[in-house]
Amino acid sequence: MVQASKTLDRVLVLEMVRVTECAAISASKLIGRGDEKAADAAAVEGMRDALNQLAFDGTVVIGEGERDEAPMLYIGEKVGSAQGTGPKIDIALDPLEGTTITAKAGPNALAVLAIAEQGGLLNAPDVYMDKLAIGPGYPEGTIDLNKSVTENVQSLAKAKGVAPDEIIACVLDRPRHEAIIRELRSLGCGVVLIPDGDVAGVIAVTNPDTTIDMYMGSGGAPEGVLAAAALRCVGGQFQGRLLFRNDDERGRARRWGIEDLDRVYHLNELAKGDVIFAATGVTDGSLLDGVKRRRDGTITTDSVVMRASSGTVRWVKGEHRRGSVRD
């Protein structure tokens, strides 16, 4: 059982929903408009405004634009209205997970946020991460990132009590994953290919309604920390290993204090202690419905918020009158 944090007041649980709602509503105006940068900028501005209304001393440890020097919600930025006096909070965020999805009106775009006490979230550099995840209810050690696709599928199938060809895996639809997809299909596994949004892909393993058993493949390391924060709250197993394409990326990792570049990170190393995770749907997806704008001006949102210490998962349906939120 995770000990409840004295820093993360339970009031912050619902406050985090308000933050992701604000980002999602702001981004929703750009759904299907074909402008990824504008959609992302709207979400960033909406989330930052909402965070700055909260009475805490927050630091962004996973944020926007380590590489492109984003003007807002960059790594190291201070947010909150109680700098120097309020509780110290580390924040991992992705105001719009799925910028391309939003621009094209595709499924599973989310506004995502996780918070922990200072030092509770891995300060991951903006590089790729090899990821492997399964949902709750399996013996520890069921998956191992150092083993092959076949070995992990067989291990999970044994733990689940089914044949390997009954396992369904979620994989980002990328050329770099062709070998993984080929090996999964050679085992008879079902493969759910997603265009973007691997935070939603990882979280899908915790929801029986998705029928997804396993997530595997590489994606952004910051998104790996966010996904791990969600699994800390609801259970499951996650392993991640940073992937480096050149010396510049290795140098950035060392600047963040990472010396063992081949280390396999487990769930409690990516997000430790008490953690709160929140997400709001921007477009309709397997986890959440997207933002809807009614003819009477009302805006509806669909969110989930989780807390590690209590194991509580709240599904929040919001109905916002015009002018009650940033729009």
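I began with the secondary structure: the protein chain has nine helices and 14 strands. I took both as DSSP runs numbered from the N terminus, helices being H or I with at least four residues and strands being E with at least two.

Ground rules next. This is a predicted model, in which local features need pLDDT of at least 70 and side-chain atom pairs count only at pLDDT 80 or more, while totals for chains, interfaces and linings use all residues. Residues are numbered from 1 along each chain as its sequence is written, and side-chain values use heavy atoms, with hydrogens and water left out.

**Entry: overall dimensions**

I looked up the radius of gyration, taken over C-alpha atoms. The globule rule is 2.2 Å times the number of residues to the power 0.38. For 327 residues a compact globule would come out near 20 Å, and the protein chain has 19 Å, so the two agree. I also noted the span of the C-alpha trace along its principal axes: about 55 × 45 × 40 Å.

**Entry: surface, burial and contacts**

I read accessible areas from the Shrake-Rupley method with a 1.4 Å probe; for residues, only the protein chains shown count as cover. The protein chain exposes about 14100 Å², and carbon and sulfur atoms supply 46% of that area. Buried residues make up 57% of the 327. My cut-offs: buried is under 20% relative accessible area, exposed is over 50%, and partly exposed is in between (1.4 Å probe, protein chains only).

For contacts I used heavy atoms within 4.5 Å. Of the contacts in the protein chain with a separation of 6 or more, 70% join residues 24 or more positions apart.

**Entry: charges**

I counted 38 positive and 47 negative side chains in the protein chain. Lys and Arg count as positive, Asp and Glu as negative; His and the chain ends are not counted. Each charge is placed at NZ of Lys, CZ of Arg, CG of Asp or CD of Glu. The centres of the two sets lie 3 Å apart.

**Entry: cysteines**

How many disulfides does the structure hold? I found zero. The test is a pair of cysteine sulfur atoms within 2.5 Å. Cys170 is in no disulfide, and the nearest cysteine sulfur, that of Cys189, is 13 Å away. From the side of Cys189, the closest cysteine sulfur is in Cys170, and 13 Å is too far for a bond. I checked burial for both. Cys170 counts as buried at 1% relative accessibility. Cys189 is buried too, with a relative accessible area of 6%.

**Entry: positive phi**

Most residues other than glycine have a negative phi. Leu73 lies in the loop between β1 (57–62) and β2 (78–79). Its relative accessibility is 0%, so Leu73 counts as buried.

Asn108 is another non-glycine with a positive phi, about 75°. I found Asn108 in the loop between α3 (99–103) and β4 (110–117). Asn108 is buried, with a relative accessible area of 15%.

**Entry: Val79**

I placed Val79 in strand β2. Val79 is buried at 0% relative accessible area. Which residues does Val79 contact, leaving aside its neighbours within four places in sequence? I listed Leu51, Asn52, Phe56, Asp57, Gly58, Val60, Leu73 and Ile91.

**Entry: Ile134**

Ile134 lies in strand β5 (residues 128–134). Ile134 counts as buried, at 0% relative accessibility. Beyond its neighbours within four places in sequence, its contacts include Thr142, Leu156, Val205, Asp213 and Leu231. I noted a C-alpha separation of 16 Å between Ile134 and Arg241, which are 107 residues apart along the chain.

I found Ala204 in the loop between α6 (198–203) and β8 (214–220). Ala204 counts as buried at 4% relative accessibility. Not counting residues up to four places away in sequence, Ala204 touches Thr210 and Ile212. Ala204 and Glu166 are 38 residues apart in sequence and 17 Å apart in space, C-alpha to C-alpha.

Is Leu14 buried or partly exposed? I read a relative accessible area of 41%, so Leu14 is partly exposed. Leu14 is in helix α1 (residues 11–28). Leu14 and Arg232 are 218 residues apart in sequence, with 18 Å between them in space, C-alpha to C-alpha.
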